[in-house]
Amino acid sequence: MEALQVAAPKPASAVRPGAPGSLSSRGNPARQIQHAVSGREFLTFRLGTEEYGIDILKVQEIRSYEPPTKIANAPSYLKGVVNLRGVIVPIVDLRVKFNCLNENGESDVNDFTVVIVLNVRGRVVGAVVDSVSDVIQLAEQMIKPAPEMSASMVDTTYITGIANINERLLILMDIESLMSSSEMGLIGNLTP
């Protein structure tokens, strides 16, 4: 299983106005740096034809997909477990969980299918997605609240917002709440 390590974002160092190497107050790079880091970074990925984003700080690594060991009587979205350097990691297929399946009602596995290894409340969990797109930074004003919908029709409790980026909508997901929900049953009895 091939792995790509995702490093946590490093804070930019601020430049004081008037310090050697800085520009005048009109072209002060410190203002631009502070504005750039005022947002949050998200790892974007695809489920079916839609693009989602999760907080990059929850991502431990990205691995190529390998078939997990199945667990008897597990829900369809819990694909099984894998041994990740001595740690047994449950693998959740987000495509099945959110009904992002192909026209045959299946979740295809191809060369782009990856497992995003997450660290949620001190527990390691894998999430299967169709592909990983990019790491992007979003300012708070770019994120709009999720639309209100009937809870009996659509569960939007795990959607923290929606961002419009270059004429495409990015659905932002609270992956920690999703993975620690009682419905998932993965992290319910652990303390944050």
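Which residue forms a salt bridge with Arg95, and how far apart are the closest N and O atoms? Asp130 is the partner, with 3.1 Å between the closest N and O atoms. This contact and others are shown in the close-ups below, all taken from a predicted model.

View A. Asp130 lies in the loop between E8 and strand E9 (131-138) and Arg95 in helix H2, so the pair ties together parts that are 35 residues apart in sequence. Both Asp130 and Arg95 are buried. In another set of salt bridges, shared partners join Arg46, Glu51 and Arg168 into one network. The count for the model comes to eight salt bridges.

View B. Strand E5 (residues 78-84) pairs with E6 in the antiparallel sense over six bridges. Val82 has Val89 of E6 as its bridge partner. Two residues stand between the strands of this hairpin, and Arg85 takes a positive phi near 50°. The side chain of Arg85 meets that of Glu61 in a salt bridge (2.4 Å, N to O). Because Glu61 belongs to strand E4 and Arg85 to the loop between E5 and E6, the pair ties together parts that are 24 residues apart in sequence. The two partners are placed as follows: Glu61 is buried, with a relative accessible area of 0%, while Arg85 is exposed at 57%.

**View C. Strand E6 and its parallel neighbour E8.** Five of the seven residues of strand E6 (residues 87-93) are buried, which leaves the strand mostly covered. E6 pairs with strand E8 (residues 123-129) in the parallel sense over three bridges. In E8, Val128 is the bridge partner of Asp93.

View D. The whole structure holds two aromatic pairs. In one of them, the ring centres of Phe45 and Tyr52 are 6.0 Å apart and the planes lie at 15°, so the pair is stacked. Tyr52 also forms a stacked pair with Phe98, at 6.4 Å centre to centre and 15° between the planes. This second pair links distant parts of the chain, since Tyr52 is in strand E3 (residues 50-55) and Phe98 is in the loop between helix H2 (94-97) and strand E7 (114-120), 46 residues away. Together, Phe45, Tyr52 and Phe98 form one aromatic cluster. Phe45 and Tyr52 are buried, whereas Phe98 is partly exposed at 26% relative accessibility.

**View E. The nonpolar core around Ile54.** The largest nonpolar core has 27 residues, and those with the most contacts inside it are Phe45, Ile54, Leu94, Leu118 and Met179. Elements that give two or more residues to this core include strand E2 (40-47), strand E12 (168-173) and helix H3 (175-179). E7 supplies the largest share, four residues. Beyond its neighbours within four places in sequence, Ile54 is in contact with residues including Phe45, Val59, Leu118 and Met173.

View F. Thr44 lies in strand E2 and is buried, at 0% relative accessibility.

**View G. The salt bridge of Glu176 and Lys58.** The side chains of these residues, Glu176 and Lys58, meet at 2.5 Å, N to O. Glu176 is in helix H3 and Lys58 in the loop between E3 and E4, so the pair ties together parts that are 118 residues apart in sequence. Lys58 is partly exposed, with a relative accessible area of 23%.

How values were computed. Residues are numbered from 1 along each chain as its sequence is written. This is a predicted model: local features need pLDDT of at least 70, side-chain atom pairs count only at pLDDT 80 or more; totals for chains, interfaces and linings use all residues. Side-chain values use heavy atoms; hydrogens and water are left out. Buried means under 20% relative accessible area, exposed over 50%, partly exposed in between (1.4 Å probe, protein chains only). Two strands pair if DSSP finds at least two bridges between them. Rings of Phe, Tyr and Trp (its six-membered ring) pair if their centres lie within 6.5 Å; planes under 30 degrees apart count as stacked, over 60 as edge-to-face and the rest as tilted. A nonpolar core is a set of buried Ala, Val, Leu, Ile, Met, Phe, Trp, Tyr and Cys residues joined through side-chain atoms within 4.5 Å. Contact means heavy atoms within 4.5 Å. A salt bridge is a side-chain nitrogen of Lys or Arg within 4 Å of a carboxyl oxygen of Asp or Glu.
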